[in-house]
Amino acid sequence: MSETMTTSILSELVSGAKSPASFREIRLEAEGFLAESRIPSKKHEDWKYTNIKRLFDNGLNLISAEDITFNSIDSVDVSWSTDESLIGSTAIHTKEAHAALNTSLFEKALVIRVKKGVQVEEELILNQTITLKDGEFTATRVLIVVEDNASLKCQHHYSGTPSNSSLLNNLTEVFVGQNAQLELNYVQEIGEGNLMTTTEVECQRDSNFTTNCVQLYGILLRNNVNIRLKGENIETHLNGFYMLNGKELFDNHTLVDHLVPHCESNEIYRGILAGKSTGVFNGKVFVHRDAQKTNGYQSNNNILLSDDATMNSKPELEIYADDVRCSHGSTTGQLDEDAVFYLRARGLDEFGATALLLTAFASDVLNGISNEELRTSLEAKIQDKLKEMRA
Amino acid sequence: MSLLTIKDLKARVEEKDILKGFNLTVNPGEVHAIMGPNGSGKSTLASVLAGNESYEVTGGEVDFDGKDLLDMAPEVRAREGLFLAFQYPVEIPGVSNVNFMKAAVAEVRKHRGLEPLIAKDFLAYMKEKKALVELDGKLAGRSVNEGFSGGEKKRNEIFQMAMLDPKLGILDETDSGLDIDALRIVANGVNKLRSKDNAFVVITHYQRLLDYIVPDFVHVLYDGKIVRSGTKELALQLEEKGYDWIKEELAEA
């Protein structure tokens, strides 16, 4: 398909939008960016393994956004907005086509705000059940603001069984204020659907931001996490765990941007791949010249359970400061056969031994989730998927 | 009836024949020591009996308590009561000793038609077995063998053996590399587990272990076969004279 045709598909999609009058400025910026750009194809370095263009080539119809439901908590303001001024203020829509597309097309934004100094005890749970049919596309938008000295824990679940020719694009902008704390957990299990999620985070000094993303089902899941550390003494943890089977393709792209001194980032992404699945991990840690005394750690470990599964892992460390402690490592291998035999020699059957080892492998990521109930339910889901992988 | 009967066992690894017609009969209540120079096939024997699939059995029969051992998966052998204390215990990050033993004991009990132990009883049972090998309480909570010293790993093997209460314990060079204190602890653990109903096959390089675990029989394994059998005096003779005299006698024969 030629580039001009691709561009026209994009503009058709945009012109079909209901174009609410709100968010006019950022929509114009986004459309301006889209006019200059194309739908990412495999020629783009960031989309080398993940063919999103195929969905657009087959034609997508814009439909109204899928609903996001949430529990009501007294100390958190959650509402749908068409005029919140912080929407778009990360400016990601002027840098990435998928974010620009989201910004052009979303109708209303779910705005979550925790006011200064408020410590939210109960966990906020967002549920997004996707029901998109053949060729349907929609964009959803979330904003999370945790003001200075406040704290929040939030889960965002993507579920449902959308069509394998549909696409949901979600963009979540996150602002973590001074000395504030946010834990944001994602669970993605959408049958054979396609999902593109972006979390764009800005942290202020002395804050603590943790995000964990567990990917279980989807024919194509693309998860982008970009964290900008804008003040000193920020601690951030970004973890991911993914399990792939069949022809699933899960792609995690992360960026931690160390702009100032004395911050710490810890990143662990781990995955288990079976069948003919394909995994992608691209983790960038960028340490700017001024960001002295940065501690930046990243690791990506993968276990391949079949000869036909593929993992593409690319850790990238760019360091321009001269007094930092940073490390990164990437491993991809098979399950340790000696360990399996050792466990079997103590009476565990082959599946029990394998499951015990793989659950342990996942635990370093899952332990980053503070909610025990969520962790337990994820462990059960992991067991279920392991059984499917064995079949 | 004998507990273990090995007849003309032949096995190879990576196209190389290691066991070349091995015979051994072990009765309940007995301790057999198997000694032999490096490369004679001692560890291969242990691995083949435990069911390690890297080794290919090319001939022979093994009867374990009336059943065909070679026909069983490794886990079934373990549940039937065969225990191998590994020469090199495997480190398993992220799996705690406690959870590992919970899973293993549950499988073994299920196989023997016993109800699973409730949490309180399991912990009491574990405490009793830990004391047997003077295993530090902290080690039980840590990941299996991860960061354990050599002595701790071997003690952990004997602890696991105590937990699973096997009919036959095979100790594959459990003494190698242990200082005298650790050796005593390991040997005492084994001695406390000895009964008229179970048996042990102790594979070792060194006679020293046999001062602590006194064997009923000593066998010399050389080039894949047992070439000498005797009592504990044979071990002393080997300690003093090495293996060369046996090799020479075999060459003359």
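Student: What percentage of the 391 residues of chain A counts as buried?

Tutor: In this predicted model, 49% of the residues of chain A count as buried, a residue being buried if 20 or more other C-beta atoms, placed from the backbone, lie within 10 Å of its own, exposed if 12 or fewer, and partly exposed in between. Local features need pLDDT of at least 70 and side-chain atom pairs 80 or more, while totals for chains, interfaces and linings use all residues. Residues are numbered from 1 along each chain as its sequence is written, with chains lettered from A and ligands numbered from 1 in the order in which they are written.

Student: What makes chain A as compact as a globular protein of its length?

Tutor: Chain A has seven helices and 19 strands (DSSP runs of H or I, at least four residues, and of E, at least two, numbered from the N terminus). Its radius of gyration, over C-alpha atoms, is 21 Å, close to the 21 Å that the globule rule (2.2 Å times the number of residues to the power 0.38) gives for 391 residues, so chain A is as compact as a globular protein of that length. The C-alpha trace of chain A spans about 70 × 45 × 45 Å along its principal axes.

Student: Why are H4(B) and H6(B) called oblique to each other?

Tutor: The axes of H4(B), residues 119–132, and H6(B), residues 150–164, come within 9 Å and cross at roughly 135 degrees. Angles under 35 degrees count as roughly parallel, over 145 as roughly antiparallel, 65 to 115 as roughly perpendicular and the rest as oblique. The two helices are therefore oblique. Met126(B), Lys129(B), Lys130(B) and Leu132(B) of H4(B) make the contact with Phe159(B), Ala162(B) and Met163(B) of H6(B) (C-beta atoms, placed from the backbone, within 7 Å).

Student: Are H6(B) and H7(B) roughly parallel or roughly antiparallel, and why?

Tutor: The axes of H6(B) and H7(B), residues 180–193, come within 10 Å and cross at roughly 5 degrees. H6(B) and H7(B) are therefore roughly parallel. Among the residues that meet are Ile158(B) in H6(B) and Val186(B) in H7(B).

Student: Which element gives the most to the side of chain A that touches chain B?

Tutor: The contact takes 17 residues from chain A and 19 from chain B. On the side of chain A, helix H5 (337–344) and helix H6 (350–366) are the elements that give two or more residues. H6(A) gives the most, with seven residues.

How values were computed. Axes are lines fitted to C-alpha atoms, for helices over the stretch in contact, and angles run from 0 to 180 degrees between N-to-C directions. Two residues are in contact if their C-beta atoms, placed from the backbone, lie within 7 Å.
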